[in-house]
Amino acid sequence: MNLFCVGLSHHTANVAKLERFADSASAESIVREAGCTEALLLTTCNRVEVYAVSQRRISTGEIARCLMRKIDTDPHDYAPPFYRYEAEKCVLHLFRVASALDSMVVGESEILGQAKRAYESARKSGAVGPCLHRLFQRAFRVAKQVRTHTDIARGAVSVGSVAVDLAQRIFGKLSDCRVLVLGAGETSERTARALISRGARDLRVSNRSMDRARELAHAVGGRAVPFDDWPAHCREIDILITSTSSETPLLTRDKLAPMLRERMDRSLFIIDIAVPRDVDPTVNEMQGVYLYDIDSIRSVAEQSLALRREQVAAAEAIIAEHVTDFVDLVSRGLNPASQTAKPPSLGENSLRASEL
Amino acid sequence: MRFNFFAIGLGFIFQTAFLSVRGHELGRCPLTNLFEVFIFLAWSVAAIYMLVGPGYRLSLMGAFTAPLVVVLQVFALIAPIDIRHPATLPANPWLEFHASISLVAYGAFALACIAGVMYLVQERQLKTHQLHSIFYHLPPLTDLFAAITRLLWWGFALYTLGIVSGFFTGHPLPRVQVVAAIGLWLLYAAILQGRHLRWLAPKRVAALCILGFSAALTLLWGITFTAQIHSLP
């Protein structure tokens, strides 16, 4: 019996190649066509992988043909670089994938959910047996442990998430924060949505075009305010997201100073994502004002990624421990998941050292 | 973080046991020399942390509090300051209340100082856009400032009680000590008043907490040291 993984990811293929395999097969069809005992298909925007167990050795080409089945071109003309991991290396690879160490953005949180959905879909179709069941249950446990015991998922890496992270470090709970969106661009909309998703309730939108302001306000559940009134609102708000197309700064020290006096000592967090900038950079020197333009947000995202990369070694150590333990348990014929989950249909005796 | 809290809790139990044994031995509150004062201060810091830390979800404060407690205790143990009084000092409830309540107030000021350091570290990172690993572990600025304000009020109230009770001890107090203690009281009163009237920005209040506690420690050392010199034969 063989446990193996065949796939391609952002490491080996570009989006054009990857997208040709999206939804082209299912775990059930792979079991049927390639003759596997068990199979699971994991597809994301930058990964297409088949995890399978088989009695006989199934070649990479056979799996690739299953994946390419619905493509109109001749498979021989189109052979993306598939990788293949077997036995212990397959276990290691899955644990790394589930823990987001193999992701394009190290430490991202989506992959775990995607892996769980792939497992659930394969389980419902009956393509998952005891071996993949145990393997994936352990992978989910490892991923959770890695996220809890390391800083791999710390820090934000997109404009919206950086803004939310910083706002939470200044204000704590965002439910009491008042937000003004100045300029109804796409990035400011995403940033506003990110803040709302973390609890911000009072959201105001101001734009030169009142119609566009109303449209965005309606979309995000806020209220539109006339563009001429935005300075008055600055006295009340806690977070300002600005992205207008103004050629000169809208907010300078001179304009902000009287507003700050009326705000007492409440902090003001400004996210300036406009190019050219809407806010004079010297505003950041003012007491209680935290100004982040697109460059500083990018720099924060890079720092977060660097921090995550520093955590890779610690995460790898946790994974290595689990791989050894998992292989050991399987080789001794024990069921590492028996206490927490009921394995599906196939027999217990199929798990032996020979699998790995 | 939970480990932090339990570790400090365990240390606190041992400190309490030590102070209790010492108190029984002396037949009074164990605040007769600089050694006991430092141990009592470390105990107060740990006690206030255990009251405040979990309440304000400032668990990381333990990581800042523990080193301060260690420094106070190590200094007390290493420095030759455990000088026994030649004669047993008579028990004086007012004096003991004055000394102990003042030291608990110092504990609150110490915690306010620690929260001030945390505030300045977090504020600096936010201003300079240089976010280090600690940034994601420190509490939000708003929460830290709320903790600073409450600790200052607690410390100030206890310190006021300490000063007032000092006048009932029946001992003539050295004028320098009285002036310095009132000076410290005025400093904290000014910080709180400045905060109340919004004259002082949160960052300034945080910085003044550090200054205030440094002044408090100097005063404490001065008071205890001079008292010890005077009591020597």
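Is R253(A) buried, exposed or partly exposed? R253(A) counts as partly exposed at 35% relative accessibility, on a scale where buried means under 20% relative accessible area, exposed over 50% and partly exposed in between (1.4 Å probe, protein chains only). The legends below describe a predicted model, in which local features need pLDDT of at least 70 and side-chain atom pairs count only at pLDDT 80 or more, while totals for chains, interfaces and linings use all residues. Residues are numbered from 1 along each chain as its sequence is written, chains are lettered from A and ligands numbered from 1 in the order in which they are written, and side-chain values use heavy atoms, with hydrogens and water left out.

**View 1. The salt bridge of R253(A) and E285(A).** The closest N and O atoms of R253(A) and E285(A) are 3.1 Å apart, where a salt bridge is a side-chain nitrogen of Lys or Arg within 4 Å of a carboxyl oxygen of Asp or Glu. R253(A) belongs to helix α11 (residues 253-262) of chain A and E285(A) to the loop between β9 and β10 of chain A, so the pair ties together parts that are 32 residues apart in sequence. Helices (H or I, at least four residues) and strands (E, at least two) are DSSP runs, numbered from the N terminus. E285(A) counts as exposed, at 59% relative accessibility.

**View 2. The salt bridge of R212(A) and E189(A).** The two side chains meet at 3.6 Å, N to O. Because R212(A) lies in helix α9 (residues 210-220) of chain A and E189(A) in helix α8 (residues 186-197) of chain A, the pair ties together parts that are 23 residues apart in sequence. R212(A) is partly exposed at 24% relative accessibility, whereas E189(A), at 18%, counts as buried.

**View 3. The salt bridge of D295(A) and R298(A).** Here the side chains meet at 3.7 Å, N to O, and the two residues, three apart in helix α12 of chain A, are separated by about one helical turn. R298(A) has a relative accessible area of 47% and is partly exposed. Elsewhere, salt bridges that share partners join R47(A), E49(A), R96(A), D102(A) and E316(A) into one network.

View 4. A100(A) is buried, with a relative accessible area of 1%. Most residues other than glycine have a negative phi, and most peptide bonds are trans.

**View 5. The surroundings of Q15(B).** Q15(B) lies in helix α1 (residues 2-26) of chain B and is buried, with a relative accessible area of 6%. Leaving aside neighbours within four places in sequence, Q15(B) is in contact (heavy atoms within 4.5 Å) with A42(B), W43(B), A46(B), V69(B) and Q73(B).

**View 6. The interface of chain A and chain B.** In this view, 28 residues of chain A are in contact with 24 residues of chain B. Across this interface the rule finds zero salt bridges.
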